[in-house]
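Visitor: I'd like to look at a protein model and ask how you know what you say about it. Can you show me one?

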Amino acid sequence: MIALILLCLAGYSAGVVRIEPFHEPEPAVTSDVEYGNPTSGIPVVCYHQVSGISSKYGVTPGALWSDLEAFYEAGFSLITTVDLENGFLQFPSGRRPMILTFDDGWQDNFSFIEYPDGSHSTDPGCVVAILADFTEEYPDFGGGAIFFVSWDKIPFEQEEFVGEKLNMLIDMGHEVGNHTWRHRHFIGLMADQWSPAILRAMDGFYQYLGMRTSSISSVAWPGGAIQKGSWVTDRLMAMEYDGLPAVDLGFVVDGAISSFRRVLPDPDERVRISRIDMSQYSVYRLLQWPNLMTYGMGRSNLHDPLPWRP
Ligand SMILES: [Zn+2]
């Protein structure tokens with residue numbers, strides 16, 4: 001256990017160097033006005049470890065809770081990719097959408113406590129429990145996050161509970177996302193390695209989720225970046241698992257907020273959706289972005305003008 005903690009503190013896991021990018025650009029002046037639309041910026045925020053252990057990209061449970069309160073008070077509620085697909089059918093009117101993501105599949109994201117009698121329950125200090133508590137206190141915040149899981153270590157780090165946790169996440173209204181097989185940074189990978197990185201991870205999910213693996217088509221690129229170019233997009237979008245697209249949406253970490261009216265119909269943008277790493281950023285700074293979707297963008301307003309893919 002001590003060795004594991006030391007490895008994590010050193011930034012290593014299963015022999016793979018974890019170096020997430022440090023991106024903290026000032027908000028760029030990106031406006032939807034040039035696209036003839038009102039603002040449609042949806043913040044996608046990113047966390048890694050959430051524990052009392054200090055690490056470069058980690059935050060404390062208290063910091064996560066206070067971030068969520070600040071987002072809630074600023075009018076935000078959670079959506080998932082399902083809401084994007086169905087045109088925000090279940091999104092409360094008058095709220096502003098945001099997406100909450102957690103990368104890597106650390107145990108502090110979803111942990112079970114085991115008891116001497118052989119039973120187990122969810123650790124009240126882990127992210128999944130914190131989100132459940134937050135939703136109970138603020139029901140109109142919603143409760144669905146995306147957990148991007150990589151397979152360079154045991155997902156959520158308790159081998160006997162991998163399947164139960166992955167299924168529970170989906171049962172609870174969260175989404176499971178693909179963070180690739182070995183967590184190797186895509187920028188340094190040859191193109192012929194992309195498919196194994198993505199599809200072997202899908203094999204990993206299939207072992208535990210079976211047919212439910214078909215719900216996994218969002219990918220967070222390890223290292224927070226992906227090569228530019230439409231040939232890259234074409235190659236990613238062509239990947240299939242069990243006859244279904246393995247990459248429908250891709251997420252980078254670039255300290256920006258994507259305008260979704262522009263993103264959704266454009267494959268090049270769909271696989272490069274901006275995220276903000278909240279261990280490097282504050283809610284206050286995030287609120288300075290000029291393209292943030294404002295209040296009153298309920299489902300009809302948001303849905304109708306979107307140039308939705310057929
Ligand atoms: Zn990662």
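Guide: Here are some questions and answers about this model, which is predicted.

Visitor: What makes the buried residues of helix α5 sit on the same side?

Guide: The buried ones in α5 (residues 162-171) are Lys-165, Leu-166 and Leu-169. They cover an arc of only 95° around the axis, so they lie on the same side of α5. What covers the buried residues of α5 includes β8, β9 and α6. Just after α5, Gly-173 has a positive phi of about 95°.

Visitor: How do you know that β3 and β5 pair?

Guide: Two strands count as paired if there are at least two bridges between them. Strands β3 and β5 (residues 96-104) have 4 bridges, in the parallel sense, so they pair. One of the partners is Phe-102 in β5, which bridges to Tyr-47.

Visitor: What about β3 and β14?

Guide: There, 2 bridges join the strands, which run parallel. The cut-off is at least two, so this is a pair as well. Val-45 stands opposite Ile-276 in β14.

Visitor: Which way do the residues of β3 point?

Guide: Val-44 and Cys-46 point one way, Val-45 and Tyr-47 the other way, and all are buried.

Visitor: Which residues touch the most other members of the largest nonpolar core?

Guide: Met-98, Phe-147 and Ile-198 do, in a core of 70 residues. Its largest share, 6 residues, comes from helix α6. Leaving out residues up to four places away in sequence, Met-98 touches residues including Ile-42, Val-45 and Phe-71.

Methods: Residues are numbered from 1 along each chain as its sequence is written. This is a predicted model: local features need pLDDT of at least 70, side-chain atom pairs count only at pLDDT 80 or more; totals for chains, interfaces and linings use all residues. A nonpolar core is a set of buried Ala, Val, Leu, Ile, Met, Phe, Trp, Tyr and Cys residues joined through C-beta atoms within 7 Å. A residue is buried if 20 or more other C-beta atoms lie within 10 Å of its own, exposed if 12 or fewer, and partly exposed in between; C-beta atoms are placed from the backbone. Two residues are in contact if their C-beta atoms, placed from the backbone, lie within 7 Å. The arc is that of the directions from the helix axis to the C-beta atoms.
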